[in-house]
Amino acid sequence: MRRNMLTICTVLIISLIFGTTEGEALANKPTHYIGLHDRLLDFKDVRVIDNDMKIPLSEITQVLYIPVEKQQGVTYLRKKGIVISYDESTKLTSKDGVELSWSPIVDVDGTLYISAKYIARQTGFKVEYIQKMKTLRIFRDDYEHMSHADYEKHIKQLLDKKQPAKPSAKPPTKPEKPGAKSATTIYLTFDDGPNKFTTINNATLKKYNVHGTFFFLGKHMKNNEKIVKTVASDGHYIGTHSMTHDKDKVYKSTKSFIDEMNEGTKLINKMTGKDAKLIRVPYGSKPHVTPAMKKQLNQNNYKMWDWDVDSNDWKYTDKDADKVVKNVRDGVNKANKSGDRNIIVLLHDRSQTAKALPEIIEWLQKEGYTIKTYEPEHHIIQNFLSDITL
Ligand SMILES: [Zn+2]
């Protein structure tokens, strides 16, 4: 009896330490993650095979820029003068023509998986396993990155945000009175400026002692440098909303897309001297941002925000400013009720919005919400692509 218990306990402990086995890896949600420098890669299919984290070879080679070639049943990976090959007939891996005693590449139902640790180390990277988050972080010392401790906190936040709020979930660590809203943060965001309404909105924010986030258009920044500088020095975050806002130009190609973002960001950098890595793409990311565009955003270290609450402010005239207030109120109530603790509100630098803004802020403050500007060090994921790397 005692021996049986011992066996069961040992098995339990082993599975706790090593997480999933091959069989469990079929669940939709990844149980293990791969990081690259400060990012968390969105591999959906990270498997633990023989106590080793393995990922689809075709995906990791793209991320690490390793050319792959297949010839007569042999797959070749070539990087930095080394050649790694996998022979599908013998199921063995070789490095520079010499067979390895174990195979870091395995075939699972016709898809090749490769050991993340192995391929990283072979191509000049280091790896660190962040035990608590079940994340293998791939990094290089000569490439700037945050400390492992900060990275652990960072991905914890990313993954917490990613998990849908469960009604049965434990209450937040800070106990709060029923109905208290201080734990919910509202991010007021203003698109399409800078223009004269930006100045009014900025004055309103100042009056109520709160900060917003502005997504400026390059074409307007050029003629309104003074407004850009004032908004930045007043403590609001500024990100770009493209140069032209023209759907046909921005989304014409991957290149035109990333060029618009880079140019807009460069303008902000030049005018304010500040980081501007958070962007908002015109008309929202879905369905306009393609996988290739998304990849460019990753490679250029951008983060991208869509929104939780649409004020639909652009639809109204000044005399219907109260409808803008109502839309925000309804949207925020609904999002808060659903368990969203970081609510991003879409507004524009327009006349009707400038009229509605005082009432919006007064209502939010009366309800007890916290209003904040975007903080890069506490990035919140909110994009319609559901991409955790953005
Ligand atoms: Zn816009």
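**Close-up views of a predicted model**

Among contacts in the chain between residues at least 6 apart in sequence, 65% join residues at least 24 apart; two residues are in contact if their C-beta atoms, placed from the backbone, lie within 7 Å. This is a predicted model, in which local features need pLDDT of at least 70 and side-chain atom pairs count only at pLDDT 80 or more, whereas totals for chains, interfaces and linings use all residues. Residues are numbered from 1 along each chain as its sequence is written.

**View 1. Overview of the chain.** The secondary structure comprises 12 helices and 21 strands. Helices (H or I, at least four residues) and strands (E, at least two) are DSSP runs, numbered from the N terminus. Of the 390 residues in the chain, 35% are buried. A residue counts as buried if 20 or more other C-beta atoms lie within 10 Å of its own, as exposed if 12 or fewer do, and as partly exposed in between, with C-beta atoms placed from the backbone.

**View 2. The antiparallel open sheet β3-β4-β11-β10.** Four strands form this open sheet, in the order given, with antiparallel pairing. Two strands pair if DSSP finds at least two bridges between them. The edge strands, β3 (47–49) and β10, each pair on one side only. Neighbouring strands of the sheet are turned by 40° against each other on average, direction ignored; the axes are lines fitted to C-alpha atoms, for helices over the stretch in contact, and angles run from 0 to 180 degrees between N-to-C directions. Strands β3 and β4 run antiparallel and are joined by three bridges, and Val48 has Met53 in β4 as its bridge partner.

**View 3. Strand β11 and its two partners.** On one pairing, strand β4 (residues 52–56) is joined to strand β11 (residues 111–115) by three bridges, and the two run antiparallel. Pro56 has Tyr113 of β11 as its bridge partner. Strand β10 (residues 105–108) also pairs with β11 in the antiparallel sense, over four bridges; here Asp107 is partnered by Leu112. The hairpin of β10 and β11 has two residues between the strands, and in this hairpin Asp109 takes a positive phi near 50°.

**View 4. The mixed open sheet β2-β1-β13-β12.** Four strands make up this open sheet, and their pairing is mixed. Strands β2 (39–40) and β12 (126–130) are the edge strands, each pairing on one side only. Strand β1 (residues 33–36) runs parallel to strand β13 (residues 135–139), with four bridges joining them. Leu36 stands opposite Ile138 in β13.

**View 5. The largest nonpolar core.** This core has 82 residues, and those with the most contacts inside it are Ile34, Ile114, Ala116, Phe216, Ile238 and Val345. Helix α12 (residues 351–367) supplies the largest share, six residues. The core lies between domain 1 (2–162) and domain 2 (185–378), because both give residues to it. A nonpolar core is a set of buried Ala, Val, Leu, Ile, Met, Phe, Trp, Tyr and Cys residues joined through C-beta atoms within 7 Å, and domain bounds come from an automatic or database domain assignment.

**View 6. The surroundings of Ile238.** Leaving aside neighbours within four places in sequence, Ile238 is in contact with Phe214, Phe216, Val228, Val231, Ala232, Ile268, Thr272 and Ala276. Both Ile238 and Phe216 are among the residues with the most contacts inside the largest nonpolar core.

**View 7. Glu362 in helix α12.** Glu362 is found in helix α12 and is exposed, because 12 other C-beta atoms lie within 10 Å. The C-alpha atoms of Glu362 and Tyr208 are separated by 8.1 Å, although the two residues are 154 apart along the chain.
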